[in-house]
Each structure stands twice: as C-alpha cells, then as structure tokens.
Amino acid sequence: PFYNNTLSFEFVALEYSDPANNRLEYRLEGYDEKWVQVPPGAPGFARYARLPPGRYTLQIMAANSDGVWNPEPRQLVITIHPPFWQTWWFWLLAGLSLAAAGYAVYRYRLRQIRREFGLRQIALEHELAARENALRAAESEMTALRAQMNPHFIFNSLNSINAYIQNNRGPEAGRYLDRFARLMRQILDHSTRPTIRLEDETAFLNNYLALESIRMNGRLTYEIRVAEDVDDFDTELPPMILQPFVENAIWHGLSPRPEGGRLLIDFKKENSALICTVEDNGVGREQSRAWRAQQAVAHESKGLKITADRLALHDQRHGTRSSVTTIDLLDDQGQAAGTRVEIKIEPGTTNTEP
C-alpha cells in the first residue's frame, strides 16, 4: 500500500572461500539510474524512503573473491499501489462530479432568472402602457444573454472535459473545467446588468475564445486589441454583444478550414462612437453556405438576430443609431479570404441605465 513506501533490504553473497572479498552491487530498476556498489566484504543493505507509487524491480549481483559474477541477477518485484485520490477512476468521478455540479448551478441560476423575470413581467402588466417598451427591451436582453449559452457549446465543452479525464489527463481537465466554470459565472453575472465595462467584455471574450481554441485542438488563434484612445474602464457597452459574431466566425468561417484560422477582435473610437470589429480569415460566407449544405450542418446562430434586436431597442431607448456592417474579404486573386463584421455603437447606447 502507498503508506508503506519506505523499504529496507538485506542481502549477502554465499561464497565461503574468502568471504571478506566477496562483492555485491544492486539497483532498484525504475528508481536507480545505475548500479550501486557495496564495499568488499560488507553486508548488503539498501534503503529507499518514500518511494512514489509504481512498479519496481530490485536486482542484486554478487561476485566471489576471484571476481566471478553470477550470470543473472536475483530479482524482487515490488509494486506500490497509489492512493485512491491518484487513481484514474477517482479523477473521472471527480471531473464528472464537478461538471455535474457546474451544470446544476447553471440550471439553478437559469431557473432563478426565469422565475424572477416572470414575476417582473406579471407586475409590469399592471402598470401603464408606457412601460411596455421597457418590458420588451428587458425581455430581449434576457433572451439574448440566455441564448449565449449555446447548448452545442456546453455539450462540446463537457465532452472535452470527459475526454481529458478518460485519457488520464487530470491537470488539463482541471484547467479546462476552471475556465468553463469562470465563463458560466461571467455569463450569469452579466445577465443581470444592462451594460458592462469594455474590460469585462474583453475578459469574457478571451475566456470564451480560449475554450474554443482548446476544443479546436489549437487550430484557432486569436487576438483582442483595444486602441490606446479607448479607456476600457470607462467605456461601457451591452453585455456579450460581440459573442454571437465571434461564434458565427468560428463555426461558419474557421471550422470548415482543416488548418483552422485566425480571429481578430478590435475596439477603436471613430468620432464619439465605439467601433467593434470581428475579422476572420475563414472560407467566406459563400463557401460557408456551400460547406453547410454539403455537410448537412444544422447549427444556426440565433444570437445574430437577437443582437440586432437588442441594438434596435437600445437605439429606440436612447435616440441613437447603431449599425452592423458585414464585409467579404478578398485576396489579391479575388478569392474569398475571410469576413469582417463592424459594429458601431454610439455613446447613447453605452450609458448605464438606472
């Protein structure tokens, strides 16, 4: 057992013509890198303290006073069993338990949000008709934020965690699960706020893209840039407003490429408006439609339409004009070289509401 991992061995060479000149050497295969010599005539003794779990073979060689060694070593196989918390089945159960707990927390919080929203909606129905637009805006915000939690993304993330556990890659599973849990917490935190700081939005996007990069086995590289004249602490915008465009770029632009691709997210100021750019070097919209038809891919991001509705409601509320522009990128030969989406958010849409 793992707690009996300090072992001592005594051994002797049985040759009586000149025992003072008998010689011994030993090694613990799997621990010693080379043979350990015992002084001539000395009794053989070896001690190994706090051996880690594993399989070892103690090998002993002896020679008489004439220097004749026995042809084969005497061997003793020792197996030290690991503690239960270092076994694969424990890591599997722990990972599945953490994943189940995370999913249960997410479902519980989601039910809370739905219940709270339902109560709020019932109360607002008894107020003046002028509050109807505010209710519709709140409903769109909550629906959009819940839509960010794409069940396909959750399924893939849990599958990736399970694969790491089954392949006995506990540390990788732990790091992936930690990022996944932080992403769930960010989504739940943002779902209760009308606007967030730009630094919180970039932190969320960085966490989301890190998980997607792991899921794509490193085929996705990305960069998030914020211009020097943009204060990411004071600049606010609707929460997770870029995530549907990022998801769309990954699924429809970069995933069809066997070698993956690169995603660039850029924030800059144009006059007083915030310009958010999502650019990929994927297959382009036309080839993406052909690829989805050929592969019979049913994945469709509803977040794009919901995001457009959110921007329209923000413009209606603040008297501003936001816009979303999609540009097909071409290379020098006129072939598709990716897609760029530019989202323009005027200052009015980033003011925090009471």
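A residue is called buried when its relative accessible area is under 20%, exposed when over 50%, and partly exposed in between, with a 1.4 Å probe and protein chains only. By that criterion, 41% of the chain's 354 residues are buried.

This is a predicted model, in which local features need pLDDT of at least 70 and side-chain atom pairs pLDDT 80 or more, while totals for chains, interfaces and linings use all residues. Residues are numbered from 1 along each chain as its sequence is written, and side-chain values use heavy atoms, without hydrogens and water.

The chain contains eight helices and 13 strands; these are DSSP runs numbered from the N terminus, helices being H or I with at least four residues and strands E with at least two.

Let us turn to α5, residues 198-215. How much of α5 is buried? The count is 13 of its 18 residues, so the rest of the structure largely encloses this helix. After α5 comes asparagine 217, with a positive phi near 55°.

Finally, consider contacts, defined as heavy atoms within 4.5 Å. Beyond its neighbours within four places in sequence, valine 246 contacts Leu205, Tyr208, Leu209, Leu263, Ile265 and Val278.

Notes: Expected span 1.5 Å × (residues − 1).
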